[in-house]
Amino acid sequence: MEYADIAERVGEARAAGAPLSIRGGGSKEFIGRTPQGEAFDVSSCRGIVDYDPSELVISARCGTPLTELEALLAEHGQMLPFEAPVYAPDATIGGAVAAGLSGPRRPWTGSLRDFVLGAVCVDGRGELLRFGGRVMKNVAGYDLSRVMVGALGTLGVITEVSFKVLPAPRVERTRVFEFDEARAIEFLASAGVTPVPLSASCHLDGELYVRLSGSESGVRAGEEVLGGERVEQDDDLWRSLRNQTHPFFAGKLPTWRLSVPPAAPPLGLSGACLTEWGGALRWIRGDHDWEALQATLSTVGGTSTLFRNGDRGGEVFPAPDAVTRRLYTRLKESFDPDRILNPGRLYGDL
Amino acid sequence: MATFAPDTRIRSALAPGAIVDRLIPVVGEDHVLHRPEQLAPYECDGLSAYRSVPLAVVLPGSVEEVCEVMRVCSENGVPVVARGAGTGLSGGALPYEHGILLVLSRFNRILSIDPDNRLAVVQPGVRNLAISEAVSNLGLYYAPDPSSQIACSIGGNVAENAGGVHCLKYGLTVHNILALKVVTVDGELIEVGGPRLDSPGYDLLALMTGSEGLLGVVVEVTVRLLPKPASARALLASFDDVESAGRAVADIISAGVLPAGLEMMDNPSIRATEDFVHAGYPVDAAAILICELDGTAEEVDDQIVQVRDVLAKAGAAQVRLSNDEAERIRFWSGRKNAFPAVGRISPDYYCIDGTIPRRALGSILSEISRLSEEYGLAVANVFHAGDGNLHPLILYDANKPGEFERTETLGGRILEACVAAGGTITGEHGVGVEKINQMCVLFGDAELEQFHRVKAAFDPEGLLNPGKAVPTLARCAEFNAMHVHGGQVPFPDIERF
Ligand SMILES: Cc1cc2nc3c(=O)[nH]c(=O)nc-3n(C[C@H](O)[C@H](O)[C@H](O)COP(=O)(O)OP(=O)(O)OC[C@H]3O[C@@H](n4cnc5c(N)ncnc54)[C@H](O)[C@@H]3O)c2cc1C
């Protein structure tokens, strides 16, 4: 599938007034609100477009599986630092960008959005647009490629993305501590103001796991500063958090994703809380009352998303204030005046 | 001196005096400047070749006042140009003659510092360096460090998505801010992002960053703070030819090292800065590289060994390692003072800001020296080599008739060569008025139209910073027609982005 084919299909859909539900690998069908519209599979638009390790940039088409891209980078000792979830082997980079999710390393090296350098996309008029580029620094024009990140395909069909990549750390090791939640949060806050090479954290049921990444000497120095016990076979743990295959995430109960300032104290919500990102990302399960949850979170400067399960016909992201909502609506209309692209996936009225 | 003819003639139906009369009750008489001698200091920013006098300069002192000023202006169709410290190099804060200049210099307070969450909430007029200074005792700092950091404001940094010598490793402004408070053109206050790592909804934080004051007025910024590295040391390598220095840059990256800073200067820049700050640079070298490594002391030691090895293999004539903090700072002092140093050897200089893929470093340098001869104007080069961001400084004399015009044309040609090499027309200084024509080379009509639609979503009447950053299609049609060589647009075979 070529970019022109995608543009043509969007143009047809617009002419017919028949909305599209854009689909890559289909592994993130559960993200956002229930998809509406005719399924439009773009996974066959795939392949690496450009990669030169000494540039620290890789460009690929939207249907390229994340695993393929990561395997190629690994051959050259490089990585996509944001550890986007791979819910299924065929998860594509287009889907990863649209969902905008990042994994365990995010607080220390940056989010998926931070590593996007440019994007090619098809807007709701069927027009092919290129924003950003394949260079590290570029401030020409509005940063519309980053605006595609996390927009869940409501602003454009992403056909190609260029990412900044980084050298992969030579060594990664994990330490475990027996801390309750409050102690873990304090510990991470104080570790956060020291130059220890942290690269992941997870607290659950009285145990805090912390990953260190870097050179052998740097990791060893970090281990000495932090203390704790060494954990063997730690890759499985971090992979299970990245992809939410950890037993905490099992079952059909609603999963809530809470984004908070990292040092926010334990929230005292019912049920277990799994804490990642040095305290900045907290997961809870169960039937929570949305308004009560949002009220608790707003006292600490946090926000909540109904991440998985639960009522996906209703809103899953908190409502923006009236002025922001108006800006969202106008931004959506600027890209997709007839609401052809993933209508209702992000918010019911977009 | 040059004047900029914006693509718009928008102006209020009210007379200038009536506009002033409506603004005085909002901010007080002392904070509305409208007499010619009061306006003169504001007629240009760091791109001083362009000047224009606004109908008034307004200095609000609170967010409420900014909201009210914007309400008065939008109700009466008065254009508004925001200004921080006025150090911008692309004319972004150049006043619009039929509008007001909204100066944020009174917003100069750090509102809160939260070491546990590693963030600070600051007003937009706070100077970049003041943030790092204020949190230094906590072992923290704000990473983006433009060379203008003693003067430029954080609000201006947000509006330009400013970078610095450490952005290869630590990112640009967009990577180091968490939240903004923005006043819209109609005087409404919105919060974008929050004191956390992500927020649901469209990423207006990314959209606002680098939007050059065209989408709203930033009235508060929440910045992310980082722990100061345990150790930082710099290597200073000299080369007998520029191409080898360029290759060394790629080799360092290929070796899997991510330096905190990786900067390059060519011989004319080396000589100028050495005369000025005596940084100890080898004045006979064709080029020098400054490579800073940071992390734990152990990591830095490992990396020094690795980088020394790469530099030797790449043909470095000499490599020096900073022995202490004073020496590290001395290595940087030359680089950070390169612009003023060049300013001393030439009556005027003009700073260009293109970006290229690193592999094109050698070829772009040859092209720049060829163009320099063609136009008969000397060029000194300083680069953020690690990011492929070039700052050729064109030396000229504004008092010689025609020389500024020739300088501008040469600058334009250099940027077009960057685009041809797969790069872009601005890495960090913004488009402003300066590169408005080169936007026509970089983008096609479809993208430009989308930019205008985004602008209209935020500012339907086009009152904020009119005529800047995004050219009209009519301007591009005219510019491209003038640039048609032998029936072809420039670089017909490259993709337009
Ligand atoms: C010697 C020298 C060295 C420099 N080195 C660097 C460098 O290394 N890296 C780099 O990136 N830049 C550099 N610059 C350029 C300049 O300092 C930056 O662009 C800086 O971010 C501008 O900040 P300012 O406060 O001076 O903004 P101004 O010049 O006042 O304004 C710049 C733009 O921002 C808008 N603006 C300002 N404040 C606001 C606000 N609160 N809300 C909305 N819009 C606003 C203005 O309308 C204008 O479009 C350098 C400049 C000089 C003179």
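Modeller: Let's start with Thr275(A), which lies in strand β15 (residues 273-276) of chain A. Helices (H or I, at least four residues) and strands (E, at least two) are DSSP runs here, numbered from the N terminus. Before going on: this is a predicted model, so local features need pLDDT of at least 70 and side-chain atom pairs count only at pLDDT 80 or more, while totals for chains, interfaces and linings use all residues. Residues are numbered from 1 along each chain as its sequence is written, chains are lettered from A and ligands numbered from 1 in the order in which they are written, and side-chain values use heavy atoms, with hydrogens and water left out.

Back to Thr275(A): its relative accessible area is 3%, so it's buried (buried means under 20% relative accessible area, exposed over 50%, partly exposed in between, with a 1.4 Å probe and protein chains only). Leaving aside residues up to four places away in sequence, Thr275(A) touches Glu181(A), Ser201(A), Cys202(A), His203(A), Leu281(A) and Arg282(A), a contact being heavy atoms within 4.5 Å.

Over in chain B, Val419(B) sits in helix α14 (residues 403-420). Val419(B) is buried too, with a relative accessible area of 3%. Its C-alpha is 8.2 Å from that of Thr355(B), though 64 residues separate the two along the chain. Helix α4 (residues 128-135) of chain B is mostly covered, with six of its eight residues buried. Those six are Asn128(B), Leu129(B), Ala130(B), Ile131(B), Ser132(B) and Val135(B). They pack against β5 (110-114), β6 (119-122), β7, α5 and β10 (217-224) of chain B.

Now the charges. Searching the whole structure turns up 51 salt bridges over all chains, a salt bridge being a side-chain nitrogen of Lys or Arg within 4 Å of a carboxyl oxygen of Asp or Glu. One of them pairs Asp145(B) with Lys336(B), closest N and O atoms 3.4 Å apart. Asp145(B) is in the loop between β7 (140-141) and α5 (154-160) while Lys336(B) is in helix α11 (residues 325-336), so this pair ties together parts of chain B that are 191 residues apart in sequence. Asp145(B) counts as buried at 6% relative accessibility, whereas Lys336(B) is partly exposed at 25%.

Lys169(B) and Asp294(B) form another salt bridge, with N and O coming to 2.6 Å. Here helix α6 (residues 167-170) supplies Lys169(B) and strand β14 (residues 287-295) supplies Asp294(B), so parts of chain B 125 residues apart in sequence are tied together. Lys169(B) is partly exposed, with a relative accessible area of 29%, and Asp294(B) is buried at 4%. Then there's Lys455(B) with Asp459(B), at 2.7 Å from N to O; both of those residues are buried. Shared partners also link Asp50(A), Asp52(A), Arg134(A), Glu160(A) and Arg359(B) into one salt-bridge network.

That brings us to the interface. In it, 86 residues of chain B are in contact with 80 residues of chain A. The size of an interface is often given as the accessible area lost when the parts come together. For chains B and A that comes to about 6800 Å², 59% of it on carbon and sulfur atoms (buried area is the accessible area, 1.4 Å probe, that two parts lose on being put together, summed over both). Eight salt bridges run between the two chains, among them Arg326(A) to Asp186(B) with N and O 3.3 Å apart. There are also 31 residue pairs in polar contact between chain B and chain A, both residues at pLDDT 80 or more. A polar contact is a pair of N or O atoms within 3.5 Å; within protein, one must be able to donate a hydrogen and the other to accept it, and residues adjacent in sequence count only if both atoms are side-chain atoms.

On chain B's side, α6, α7 (204-208), α8 (242-254), α10 (297-313), α15 (439-442) and α16 (445-458) each supply at least two residues that touch chain A. α16(B) gives the most, with nine residues. By class, chain B's side has 40 nonpolar, 23 polar and 23 charged residues, where Ala, Val, Leu, Ile, Met, Phe, Trp, Tyr, Cys and Pro count as nonpolar, Asp, Glu, Lys and Arg as charged, and the others, Gly among them, as polar.

Last stop, the ligand. Of the 33 residues around it, Ala82(B), Gly84(B), Thr87(B), Ser148(B) and Ser153(B) come nearest (a residue is near a molecule or strand if one of its heavy atoms lies within 4 Å of it). An oxygen atom of the ligand is 2.6 Å from a side-chain N or O atom of Ser148(B).
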